[in-house]
Amino acid sequence: MARDAYDVIAAFTKSKELIQIEEDVEGECVDMCKALQDWAAEERMKEKLENLRAIINNLKLSAEFCLKLMMFI
């Protein structure tokens, strides 16, 4: 995609991700396929991290519950 067209889209949508991609890319054109693939990979990583955080929180709550339960035994 031509750099000028990309600049217009990034400015119009006020997308932080598009602006960051533009800052990371040099030259006259932006490879939108690669940009979208990179964005999708980052989103999948964010989702995995959120899932891991949820699992850790559940384990903490389970451990706290077990400790409290042991106090009554």
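## Accessible surface and burial

The accessible surface of the protein chain, taken by the Shrake-Rupley method with a 1.4 Å probe and with only the protein chains shown counting as cover for residues, comes to about 6,500 Å², and carbon and sulfur atoms account for 64% of that area. Of the 73 residues in this predicted model, 12% are buried, where buried means under 20% relative accessible area, exposed means over 50%, and partly exposed lies in between (1.4 Å probe, protein chains only).

Residues are numbered from 1 along each chain as its sequence is written, and side-chain values use heavy atoms, with hydrogens and water left out. Because the model is predicted, local features need pLDDT of at least 70 and side-chain atom pairs count only at pLDDT 80 or more, whereas totals for chains, interfaces and linings use all residues.

## Fold and confidence

The secondary structure consists of three helices and zero strands, in the order α-α-α from the N terminus; helices (H or I, at least four residues) and strands (E, at least two) are DSSP runs, numbered from the N terminus.

The mean pLDDT, the predictor's confidence in each residue on a scale from 0 to 100, is 78 for the protein chain, with 66% of its residues at 70 or more. Where pLDDT is low, the predicted coordinates should not be read in detail.

## Nonpolar patch and cysteines

M45, L49, L52, I55 and L59 form a nonpolar surface patch with about 480 Å² of accessible area together; patches take residues with over 30% relative accessible area and no salt bridge, joining like charges within 9 Å and nonpolar side chains (Val, Leu, Ile, Met, Phe, Trp, Tyr) within 5 Å. L59, a residue of helix α3 (residues 32-71), is exposed at 55%.

The whole structure contains zero disulfides, a disulfide being a pair of cysteine sulfur atoms within 2.5 Å. C33 is exposed at 57% relative accessibility, while C66 is partly exposed at 42%.

Conventions:
Salt bridge = Lys/Arg side-chain N within 4 Å of Asp/Glu carboxyl O.
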